[in-house]
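Visitor: Please walk me through how to read a structure like the one shown here.

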Amino acid sequence: MSKNSLKRVLPGFQLTLGYTVLYLSLIVLIPISALFFKTFTLTLDQFWAAVTSPRVLASYRLTFGASLIAALVNLVFGLLLAWVLVRYKFPGKKIVDALVDLPFALPTAVAGISLTAILAGNGWIGQYLEPMGIKLAFTPAGVVIALIFIGLPFVVRTVQPVLEDAEKELEEAATSLGATRLQVFTKVILPHITPALLTGFAMAFARAIGEYGSVIFIAGNMPMISEITPLIIIGKLEQYDYAGATAVAVVMLVMSFVLLLVINALQAWQRRNTGAPA
């Protein structure tokens, strides 16, 4: 069998490229284009007023601020959980490993309702916290908790395979040369997993920015306090302000594109760092 026949498993390049472009156009490019075209019905002043109103700016601060805090928390505890799953054996390990993927499988609305039921004033946990002045449900803190829940698997599943592939001989060599455990981690392990950590952080951050289902129930949705940007968009649509909704959506879309570029750059850095093929 010739090399050319081995390379051409699928039909000709032109045909497959045509199907690819058609599919991407129908699923991605046309909807995004419609979003921008609808926004173009606004003047520049109208667009600026729609995306910078006090209520919208407050939703930006909550959405991006809570997403950043949740991603940072997941960066730390996602690494810790991945480390435990890779480096230790204990009863129920497979169950814990499966539970990491629960936010992927669980409908986000169900997650939001569950967290609200647990953290509300009459919930299993909230009934003990609220008498101490700690209120989580229907506050920005509840938004952060929901975003931590849905973002944790991104860090764990990104770091876990890199830890599994790490060469333990380097750690043993550093230990034999007198390095402490902290020095082994900071000088040998951490540089190796840093690209994966940053990739998981960026993915968790990007996922949290667009989250709606798990947040809408626990946020309380109080304007200027606990109202997220996706809810602003839904509210404008319900008021038939389609141009205003698409204007805010365009801001979120641009941020998503920026994060996508960052994630791709981090993944390329990770491949170069680990020597994986591009």
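**Reading the helices**

Visitor: Which hand does the crossing of helix 4 and helix 9 have?

Guide: Look along the pair: a crossing is left-handed if the near helix is turned anticlockwise from the far one by less than a right angle, and right-handed if clockwise. Helix 4 and helix 9 cross in the right-handed sense. Bear in mind that this is a predicted model, where local features need pLDDT of at least 70 and side-chain atom pairs pLDDT 80 or more, while totals for chains, interfaces and linings use all residues. Residues are numbered from 1 along each chain as its sequence is written, and side-chain values use heavy atoms, leaving out hydrogens and water.

Visitor: At what angle do helix 4 and helix 9 cross?

Guide: Two packed helices are described by the angle between their axes and the distance between the axes. The axes are lines fitted to C-alpha atoms over the stretch in contact, with angles from 0 to 180 degrees between N-to-C directions. For helix 4 (residues 54-87) and helix 9 (residues 140-165), the angle is roughly 40 degrees and the axes come within 5 Å. The two are therefore oblique (under 35 degrees is roughly parallel, over 145 roughly antiparallel, 65 to 115 roughly perpendicular, the rest oblique). Their contact holds 23 nonpolar, 5 polar and 2 charged residues (Ala, Val, Leu, Ile, Met, Phe, Trp, Tyr, Cys and Pro are nonpolar; Asp, Glu, Lys and Arg charged; the others, Gly among them, polar).

Visitor: Which residues of helix 7 meet helix 9?

Guide: Helix 7 (residues 108-119) packs on helix 9 at about 135 degrees, with axes 11 Å apart. That makes helix 7 oblique to helix 9. This crossing is right-handed. On the helix 7 side, Ala111, Leu115 and Leu119 meet Ile145, Ala146 and Phe149 of helix 9 (contact means heavy atoms within 4.5 Å). By class, that contact has 6 nonpolar residues, no polar and no charged ones.

Visitor: How many helices and strands does the protein have?

Guide: There are 14 helices and 0 strands (DSSP runs numbered from the N terminus: H or I of at least four residues for helices, E of at least two for strands). The C-alpha trace spans about 65 × 65 × 30 Å along its principal axes.

Visitor: Which residues does UniProt list as "transmembrane region"?

Guide: The unreviewed UniProt entry lists several spans, including 64-86 and 137-156. Such annotations may be inferred rather than shown by experiment. In the model, residues 64-86 are 100% helix, with end C-alpha atoms 31 Å apart. Residues 137-156 are 85% helix, and their end C-alpha atoms are 26 Å apart.

Visitor: Where do tyrosine 240 and asparagine 221 lie?

Guide: Most residues other than glycine have a negative phi. Tyrosine 240 instead takes a positive phi of about 65 degrees, in the loop between helix 13 and helix 14 (242-274). Asparagine 221 has a positive phi of about 55 degrees and sits in the loop between helix 12 (213-216) and helix 13.

Visitor: Is tyrosine 240 buried or exposed?

Guide: Tyrosine 240 is exposed, at 65% relative accessible area (buried is under 20%, exposed over 50%, partly exposed in between, with a 1.4 Å probe and protein chains only). Asparagine 221 is partly exposed, at 27%. In helix 13 (residues 229-238), the buried residues include Leu231, Ile232 and Ile233. Of the 278 residues in the protein, 37% are buried.
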